[in-house]
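Thanks for coming. Please have the sequence and the structure open.

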Amino acid sequence: MKGVELGADEDGAVPTLHLADIGQLAEIDEDSFTEGAYILSIGGAQQSHVDLGNPGHVFYEYLRRIANVLDIFKPAGKPIRVLHLGAGALTLARYVQATRPGSEQVAVELERELLDFVLEHLPLPAGTRCSLVIEDARAALDRFEPGSFDAVVLDVFAGDDAPVHLTDQAFYQALTSLAAPGGVVLVNVGDDPPLTFARAQVRRLQEAADDVAVLADAGMIGGQLAGNIVLVGTDSVWPAEWSAPLVAAGPHPGVVVTGSDLFTFSSGPQ
């Protein structure tokens, strides 16, 4: 978005917001390495990266892997319907608008203050068609009819401190029911070794979807590294022709795990 600049306040401080509900400070800092890009942090932990000058630039590795799936699962450039559960700084919604103009999107965020703060300082590109819903992710699913979206993206938790109602089997069944034929369900899961929580989430999605693939840094699959893995649920057998392009698209070293290899991973340490 050319012409949009976010600088420090008059006193030299970066934009900040105290989130009363969670008792933490949200900040938006300039990315010192990329002109026109900004980082949203909450409680001192980086949450989102937004490149206003180039919304097609996705910095975080797990989001890049999700974006790669959104690039490949439908014909390039064609509008899609996307549900984002967990808005953050709306990085992925910006990406979809940049790569698939005219897409219809819905973003669900629990913290109204946070979403208002983001939109005040990091406005969406002109023409973005994204409805904003302030609600718990589970409750929000009841707003939509089955098959309402081509892609459902869940990015609301990391590790086994996640709310139980967003990780149980009923929730995953509800997620997959919202995907239209040929659609995908994409789930970001952050975890630490031995990835017990991540493996459990793979099993939940395997029960709810016809097939599942996992995208990750190759070093994570052995369970020795902390990080994020991306789960992809489909309503048919995983298209084998997707795997090589997804690995080639990066980030590197990446891997797409399916079939018996995924069973071995999901059946690991419980």
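I start with V82, which stands opposite A151 in strand β8. Before going on, the conventions. This is a predicted model, with residues numbered from 1 along each chain as its sequence is written, and local features need pLDDT of at least 70, side-chain atom pairs count only at pLDDT 80 or more, while totals for chains, interfaces and linings use all residues. Side-chain values use heavy atoms, with hydrogens and water left out.

Helices (H or I, at least four residues) and strands (E, at least two) are DSSP runs, numbered from the N terminus. Two strands pair if DSSP finds at least two bridges between them.

Back to β5, residues 81-85. β5 and β8, residues 149-154, run parallel and are joined by four bridges. β5 also pairs with β6, residues 104-109, again in the parallel sense, over five bridges. There, V82 stands opposite Q105. Buried here means under 20% relative accessible area, exposed over 50%, and partly exposed in between, with a 1.4 Å probe and protein chains only.

α2 is mostly covered, with seven of its nine residues buried. Those buried residues are T91, L92, A93, R94, Y95, V96 and Q97.

L90 is not a glycine, yet its phi is positive, about 65°. L90 has 2% relative accessibility and counts as buried. L195 is another case: phi is near 65°, a positive value in a residue other than glycine. L195 sits in the loop between β9 (179-191) and α6, and is buried at a relative accessible area of 0%.

Next, the open sheet. Four strands make it up, in the order β1-β2-β3-β4, with antiparallel pairing. β1 (16-19) and β4 (45-51) are the edge strands, each pairing on one side only. From one strand to the next the twist averages 20°. For angles here, axes are lines fitted to C-alpha atoms, for helices over the stretch in contact, and angles run from 0 to 180 degrees between N-to-C directions.

Within this sheet, β2 (residues 24-30) and β3 (residues 37-42) pair in the antiparallel sense over five bridges. E30 stands opposite Y38 in β3. Helix α3, residues 112-121, packs on the sheet and touches β1, β2 and β3, with its direction at about 170° to that of β1. Contact means heavy atoms within 4.5 Å.

Y38 is buried, at 5% relative accessibility. How far is Y38 from V82, where I began? Their C-alpha atoms are separated by 24 Å, and the two residues are 44 apart along the chain.

Now the cores. A nonpolar core is a set of buried Ala, Val, Leu, Ile, Met, Phe, Trp, Tyr and Cys residues joined through side-chain atoms within 4.5 Å. Which residues have the most contacts inside the largest one? They are L83, L85, F157, L175 and I229, in a core of 40 residues. Helix α6, residues 196-208, gives the largest share of this core, five residues. L175 touches L85, L141, V152, L154 and V185, not counting residues up to four places away in sequence. Apart from this core lies another, of 27 residues, with Y60, L63, V69 and L186 among them.

α6 also meets helix α8, residues 259-266: their axes come within 8 Å and cross at roughly 130°. The two helices are therefore oblique to each other. On that scale, angles under 35 degrees count as roughly parallel, over 145 as roughly antiparallel, 65 to 115 as roughly perpendicular, and the rest as oblique. On the α6 side the contact is made by R199, V202, R203 and Q206, and on the α8 side by L262, F265 and S266.

Last, the cis peptide bonds. One joins G250 and P251, with omega about -5°. Another joins H252 and P253, also with omega about -5°. Where does P251 lie? P251 is in the loop between α7 (240-249) and β12 (254-257), and P253 is in the loop between α7 and β12 as well.

That is what I have; questions are welcome.
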